[in-house]
Amino acid sequence: MRILLLFLTFLSTLALSGCGYNTLQSTDEQIKAGWAEVLNQYQRRADLVPNLVNTVKGYAAQEQAVLLGVTNARAKVGSIQATPELINDEQAFAKFQAAQSELTSALSRLLVVSENYPQLKSDANFRDLQAQLEGTENRITVARNRYIKTVQDYNIVVRSFPSNLTAMMFGFKVKPSFTVENEKEIAKPPTVDFSAPGRLLPAK
């Protein structure tokens, strides 16, 4: 009886392996790891915002609309609970992506405004923050692209036969991913280098 059970277990293992179960498990774990890195880089950017806003405010306090836009966008990002379950909820994921895009746009406007203030551009603290932001945007792009690729690989397994039968059996569903109007744009971060006087400090 024991030998029979071991044999059946062995056959079940082979069947699950051949039907994509192990691939579903491994890619699902890769998605979780990739998502954690995306969140880490977005948090890194959010942490830069208060100092960046305060530095700009010191030279361009009259730009209240732009400064408020960045502050509000950061607050909206912070109000979204980026739980592990979010990556399985298309609506929640879209809300998260929209909030991050809004912050990206607000930061871009802030940096464009800074071009009108030579003293701000020459401020060492501002240049350091600008360099850190540029490095962070690059990291965000890399993390997003890796996440997109991992989700794509996973979704292919979920949709393909016969692994789709295994996916249905164990509750694996298609996951949402980042979307952009122009797919080529995901390959490059927003431009934040305004060639300020002096050498930019490396991103930390």
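1. The protein chain exposes about 11900 Å², and 56% of this area is supplied by carbon and sulfur atoms. The model is a predicted one, and every remark here should be read with that in mind. Of the 204 residues in the protein chain, 38% are buried.

2. The secondary structure consists of 7 helices and 0 strands. Read from the N terminus, the order of elements is α-α-α-α-α-α-α. Taking contacts between residues at least 6 apart in sequence, 80% join residues at least 24 apart.

3. The largest nonpolar core comprises 44 residues, and Trp-35, Tyr-147 and Phe-178 have the most contacts inside it. At least two residues of this core come from each of helix 2 (21-59), helix 3 (64-79), helix 4 (90-114) and helix 6 (124-159). Helix 2 gives the most, with 11 residues.

4. Which residues does Tyr-147 touch, leaving aside those up to four places away in sequence? They are Ile-31, Gly-34, Trp-35, Val-38, Ile-87, Phe-93, Pro-176, Ser-177 and Phe-178.

5. A nonpolar patch lies on the surface, formed by Phe-161, Leu-165 and Met-168, with about 380 Å² of accessible area together. Leu-165 belongs to helix 7 (residues 163-170). Is Leu-165 buried or partly exposed? Leu-165 has a relative accessible area of 42%, so it counts as partly exposed, a class that lies between under 20% for buried and over 50% for exposed.

Note on methods:
Residues are numbered from 1 along each chain as its sequence is written. This is a predicted model: local features need pLDDT of at least 70, side-chain atom pairs count only at pLDDT 80 or more; totals for chains, interfaces and linings use all residues. Side-chain values use heavy atoms; hydrogens and water are left out. A nonpolar core is a set of buried Ala, Val, Leu, Ile, Met, Phe, Trp, Tyr and Cys residues joined through side-chain atoms within 4.5 Å. Buried means under 20% relative accessible area, exposed over 50%, partly exposed in between (1.4 Å probe, protein chains only). Helices (H or I, at least four residues) and strands (E, at least two) are DSSP runs, numbered from the N terminus. Contact means heavy atoms within 4.5 Å. Patches are made of residues with over 30% relative accessible area and no salt bridge: like charges are joined within 9 Å, nonpolar side chains (Val, Leu, Ile, Met, Phe, Trp, Tyr) within 5 Å. Accessible areas come from the Shrake-Rupley method with a 1.4 Å probe; for residues, only the protein chains shown count as cover. A salt bridge is a side-chain nitrogen of Lys or Arg within 4 Å of a carboxyl oxygen of Asp or Glu.
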